[in-house]
Amino acid sequence: MPTDADLVAVLLTLKLAGLTTLILLLLGTPLAWWLTHSHWRGKSVINALVALPLVLPPAVLGFYLLVLMGPHGPVGQFTRAIGLGTLPFTFSGLVVASVLYSLPFVVQPLQNAFEAIGTRPLEVAATLRARRLDTFFSVVLPLARPGFLTATILGFAHTLGEFGVVLMVGGNIPGRTQVISMQILNHVEAGEYLRAHWLAAGMLVFSFVVLLVLYGFAPHARSRR
Amino acid sequence: MKTDHQDPILARFQLSFPDFTLETDLQLPARGVTVLFGPSGCGKTTLLRCIAGLERASQGLLQVRETVWQDSERRYFLPPYQRPVGYVFQEPSLFEHLSVRGNLEFGQKRIPARERRIALEQALELLGIEHLLERMPQHLSGGEKQRVAIARALAVSPQLLLMDEPLAALDLPRRQEILPFLARLHQELEIPMLYVTHSPQEVTRLGDHLVMLEQGRVVASGDLQETLTRLDLPVAQSRQASTVLSVTVCGHETAYGLTEACFNGGRMLLPLREAIDTGTVLRLRIYARDVSLTLQQPQQTSILNVLPATITRTVAGEEGQTIVQLSLGGTRLLAHVTRKSADVLGLQPGLPVFAQIKATAIL
């Protein structure tokens, strides 16, 4: 049976993934929109930066975040100056790291959805008297709904499974930064394989169900990607 | 045909692309159908997009009736969503997430109630789509989609209707399905229309005013009949060269299966159209290649329509052709004859002749 510490880790992980996904949808939507419609030449640099977490070893990302957010890093000095303290080994630090780590998993499906819509529906809406924000909510959002579904599921599921970044930035503090993947490591290191199984199998089943929903039960979710 | 004295649409644009420059200085009537005609890539769609505000010309002055929509010198640009236009794109571009009703109401509910002059029912009836109201766009045929798109543009009660080759993406039967609806709009609504096309058939069927574009420049702009019969334009030389006549039905010869049509150049006999009442105005197209000339009135001929005319101009065409411009009581007509015939008959301006019209098409 799972221990109390396991349940705390599960709840913490869900909270982290939920909050991260919410922040990513709020930040990622304008970013993906801008990447789709901007004609700025330096756009490919931003595109590459957004995609970087896809190829970068999580330990590398975690290491630099640790350096940046630590007491001697520029971000750390800033957060200390405004009275927030330093972010490493806190839940907030974990959220910041997760947002960066899962960024491409939210931005890219949205970008694909916006590109698939193209500019024509926007022009049609303009000739039908809709202002830009009106067009976004009444035309773009409904047409990009499958893209938003994909982005939400991928962003959430990917954050659930992070390990390397958490290891570097979060540590292993119960109730604050001890997420499921850390807890599995704890069990394995203690030789408690059965306990590790509870969590590991749970993650396995959950991830499989998520993908099944994405590919099988929601066929429309992929048609717009 | 009428001409407006004040020419209330003023469209002066200069817009450069890497491989193409659009430069226009046009005065267009704010009534009837103005056809923007030219080969693909000539800038007619770009011109229409500039008028809708979908494209912003670096140099531009656009005035529609009394209202300025763009004046680059004063850095003024009315955004597209504030321009009282209806726009029909080449592809229907319906909103896939909305039903036909949702599509039609999208624009209509965004205009103030006092500006709604065209009721939804009227738009539906004009385009014959009442029965499609609750369908989703995915379940419509190509022709039905485009009719919904036209109704959607009408439902915003536009002061100016802009149509960008609305039939070009459709096959021939679908085109024939929609053309009558467009002709009806023309007759029943008092909305001026700018209509982009590269089809001569649509020009003659719908146009009142013709603007010809080539490589971003305006080659000709004027009344349809006058422009079609201008000898200095390439269109008069082509095999498609034709004249459009406005005639009034003045009787029927039912026994012979003929309908009589009168105009200021005389009287013509057409295939019987019993359904058409006397007094109805019809539009006829006569190809230049279907008109031959004689010096004396032929006494015995199987050709029914022989009308007295005066030659106003002649010009040498390609491949041994001579193009003759005629006046029939003020109405202009074109005839293509061989250069040999022109020499033998001594065709020259001022000469009275008889025009034998082999075929006419009621548009």
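This is a predicted model: local features need pLDDT of at least 70, side-chain atom pairs count only at pLDDT 80 or more; totals for chains, interfaces and linings use all residues.
Local features are reported at pLDDT of at least 70 and side-chain atom pairs at pLDDT 80 or more, while totals for chains, interfaces and linings use all residues. Residues are numbered from 1 along each chain as its sequence is written, and chains are lettered from A and ligands numbered from 1 in the order in which they are written.

**View 1. Chain B as a whole.**
Chain B holds eight helices and 21 strands. Helices (H or I, at least four residues) and strands (E, at least two) are DSSP runs, numbered from the N terminus. The radius of gyration of chain B is 23 Å, close to the 21 Å from the globule rule for 363 residues, so chain B is as compact as a globular protein of that length. That radius is taken over C-alpha atoms, and the rule is 2.2 Å times the number of residues to the power 0.38. Along the principal axes, the C-alpha atoms of chain B fill a box of roughly 65 × 50 × 35 Å. Of the 363 residues in chain B, 41% are buried. A residue is buried if 20 or more other C-beta atoms lie within 10 Å of its own, exposed if 12 or fewer, and partly exposed in between; C-beta atoms are placed from the backbone. Among contacts in chain B between residues at least 6 apart in sequence, 65% join residues at least 24 apart. Two residues are in contact if their C-beta atoms, placed from the backbone, lie within 7 Å.

**View 2. The two domains of chain B.**
Domain 1 spans 9–236 and domain 2 spans 242–362 of chain B. These bounds come from an automatic or database domain assignment. The C-alpha centres of the two domains of chain B lie 33 Å apart. Eight residues of domain 1 are in contact with 10 residues of domain 2 of chain B. On the domain 1 side, helix H7 (residues 224–228) of chain B gives the largest share, four residues. That side of domain 1 divides into four nonpolar, three polar and one charged residue. Ala, Val, Leu, Ile, Met, Phe, Trp, Tyr, Cys and Pro count as nonpolar, Asp, Glu, Lys and Arg as charged, and the others, Gly among them, as polar.

**View 3. The side of chain B that touches chain A.**
Here 16 residues of chain B are in contact with 13 residues of chain A. Strand S7 (85–88) and helix H2 (100–108) of chain B each supply at least two residues of the chain B side. By class, that side has 11 nonpolar, three polar and two charged residues.

**View 4. Helix H3 of chain B and its cover.**
Helix H3 (residues 120–127) of chain B has Ala123(B), Leu124(B) and Leu127(B) buried. They cover an arc of only 100° around the axis, so they sit on the same side of H3(B). The arc is that of the directions from the helix axis to the C-beta atoms. An α-helix has 3.6 residues a turn, so residues three or four places apart point the same way. The cover over the buried residues of H3(B) includes H2, helix H4 (142–154) and helix H5 (172–188) of chain B.

**View 5. Two arginines in loops of chain B.**
Arg65(B) lies in the loop between strand S4 (59–64) and strand S5 (67–71) of chain B. Arg65(B) is not a glycine, yet has a positive phi of about 50°. Arg65(B) is exposed, with 12 other C-beta atoms within 10 Å. Arg75(B) lies in the loop between S5 and strand S6 (76–77) of chain B. Its phi is also positive, about 55°, although Arg75(B) is not a glycine. Arg75(B) is exposed, with 7 C-beta neighbours inside 10 Å.

**View 6. The open sheet of five strands in chain B.**
The strand order is S14-S13-S12-S15-S21 (chain B), with antiparallel pairing. Two strands pair if DSSP finds at least two bridges between them. Strand S14 (266–271) and strand S21 (361–362) of chain B are the edges, each pairing on one side only. Seven bridges link strand S12 (residues 242–253) to strand S15 (residues 281–287) of chain B in the antiparallel sense. Ser242(B) has Tyr287(B) as its bridge partner in S15(B).

**View 7. Strand S20 of chain B and its partners.**
Strand S20 (residues 352–357) of chain B has a covered face of Val353(B), Ala355(B) and Ile357(B). Pro352(B), Phe354(B) and Gln356(B) form the uncovered face. Strand S16 (residues 291–294) of chain B runs antiparallel to S20(B), joined by four bridges. Thr294(B) has Phe354(B) as its bridge partner in S20(B). Strand S17 (residues 305–316) of chain B also pairs with S20(B) in the antiparallel sense, over six bridges. Ala309(B) stands opposite Val353(B) in S20(B).
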